[in-house]
Amino acid sequence: MTTPRARSPQHGSPQHGTTRRRTTPARRAAAGLVATAGLVALTACSAVGSGAADDPTDGAGTVTLVTHESFALSDGLLEQFEEESGLRVEVVQQADAGALVNQLVLTKDAPLGDLVFGIDNAFASRALDEGVLVPAELTAPAAQDAAAYAVPGDDAGALTAVDLGDVCLNVDTAWFAERGVPEPTTLESLLDPAYRDLVVVPDPVTSSPGLAFLLATVGAFGEDGWADYWAGLRDNGLQVADGWSEAYYTDFTAGGGDGPRPVVLSYASSPPFTVPDGADAPTTRALLDTCFRQVEYAGVLAGAANPEGAAALLDFLLSDDVQADIPGSMYMYPVSSTVELPQEWAAWAPLADDPFEVAPADVTAHREQWLATWSDTVIG
């Protein structure tokens, strides 16, 4: 059973080697395809090309990456891999982490590709339990750093952490300062009538960050208390948006759309993206005592046509070049301990010292029940 956990009021400091992500404040909104010569973006139902079982160094193979819609790397990086490996990369993109895992399970007897990236800790146990992944031998030094985020029970190492980030409430500091209203600091403080009609979050049924925030409340208040907390938010004027983009860009006061709500669910790495032109500090702040940590994993698919190529591509995702690119392209923190974060991240985008946690196996066992309870409680 998940039990409530006491929280420290202190905020964290930047941690090199375990953070980052967002393009515009948040990451799940960055849903761009990777633009690189020779990269073919496929739909979820596209067939994997034949001949992919070739040795990854023979110059005549294809490796297919199955991922979510937010996957993106800077121009030239996948080309670099293609040149170095002799492989051609194809990409199959799903809507989000949940849809991604669902498709992997449905197609495990005829996998969509060779390597998957984007399974997060909310869905990791299901992917492992369904047997859609196999271990790979990795050589990248960052593989040792990734081991710190291993999924409990994954003794074989079928999933490898690639990046991570904290989903947290963000506040419009300028809004609160102008009105002389103290900023909220904790989950509990949002129940204060002073914050009535000020909070907007994305729907956990339709949004990956929204689900992460639901899990934060489960971790904070336990199985016997989280639903009551949401009832309190509802009674205090909570607004629920379909997704992160709507919540941030339309409803948030600092999202550019002149929204009415100064508290929004986003990421710990969002504030650096709210520094006005000519200014030297952001106008928003992440509440680091409200965070849930998302870890994104990659793994070789069972039955892959080109498992060797998949392992080579996974090694590449852990390379210094890709790990250094993750903050700017996917707005997450890299797992590598040797990659230096952008200066503004070190200043304004620290990870939480003590994020809320829920065991992946508990998420798998109770996710649908929790979502149903949330819908009944908040939506009615």
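**Pockets, strands and side-chain pairs in a predicted model**

About 320 Å³ of space lies in the largest pocket of this predicted model. A pocket here is an open set of points on a 1 Å grid over the protein atoms alone, where a 1.4 Å probe fits, with protein on both sides within 12 Å along at least five of seven lines; lining residues have an atom within 4 Å of a point. The volume is the space filled by probe spheres set on the points, which are joined across faces, edges and corners. Because the model is predicted, local features need pLDDT of at least 70 and side-chain atom pairs count only at pLDDT 80 or more, while totals for chains, interfaces and linings use all residues. Residues are numbered from 1 along each chain as its sequence is written, and side-chain values use heavy atoms, with hydrogens and water left out.

The lining of the largest pocket is made of 16 residues, and those nearest the centre are Asn121, Arg293, Val295, Tyr297 and Glu357. Strand β11 (residues 292-301) contributes the most to this lining, with 4 residues; strands (E, at least two residues) and helices (H or I, at least four) are DSSP runs numbered from the N terminus. By class, the lining holds 13 nonpolar, 1 polar and 2 charged residues. In this scheme Ala, Val, Leu, Ile, Met, Phe, Trp, Tyr, Cys and Pro count as nonpolar, Asp, Glu, Lys and Arg as charged, and the others, Gly among them, as polar.

The second largest pocket holds about 260 Å³ of space. Gly98, Phe123, Val205, Leu211 and Arg367 are the closest to its centre among its 16 lining residues. At least two lining residues come from each of α2 (97-106), α6 (208-221) and α12 (360-379), and α2 gives the most, with 4. Here the lining divides into 7 nonpolar, 5 polar and 4 charged residues.

10 of the 10 residues of β11 are buried, so the strand is largely enclosed by the rest of the structure. Buried means under 20% relative accessible area, exposed means over 50%, and partly exposed lies in between (1.4 Å probe, protein chains only). Two strands are said to pair if DSSP finds at least two bridges between them. With strand β6 (residues 160-172), β11 runs antiparallel and is joined by 7 bridges; Tyr297 in β11 is the bridge partner of Ala161. β4 is another antiparallel partner of β11, over 5 bridges, with Val116 opposite Gly299 and Leu115 opposite Val300. Strand β5 (residues 133-134) pairs with β11 in the antiparallel sense over 2 bridges, and Leu133 stands opposite Leu301.

Strand β4 (residues 115-120) is mostly covered too, with 6 of its 6 residues buried. On β4 there is also a parallel pairing, in which 3 bridges join it to strand β2 (residues 61-68). Val116 in β4 is the bridge partner of Val66.

Turning to the rings, the structure holds 13 aromatic pairs. Rings of Phe, Tyr and Trp (its six-membered ring) pair if their centres lie within 6.5 Å, and planes under 30 degrees apart count as stacked, over 60 as edge-to-face and the rest as tilted. Phe221 and Tyr229 form a stacked pair, 4.5 Å centre to centre with 25 degrees between the planes, and both residues are buried. Elsewhere, ring pairs link Trp244, Tyr248, Tyr249 and Phe252 into a cluster.

Finally, the count comes to 6 salt bridges, a salt bridge being a side-chain nitrogen of Lys or Arg within 4 Å of a carboxyl oxygen of Asp or Glu. One of them joins Glu90 and Arg88 (2.7 Å, N to O); Glu90 is buried at 7% relative accessible area, whereas Arg88 is partly exposed at 35%. Another joins Glu130 and Lys108 (3.2 Å, N to O). This pair links distant parts of the chain, 22 residues apart, with Glu130 in the loop between α3 (124-129) and β5 and Lys108 in the loop between α2 and β4.
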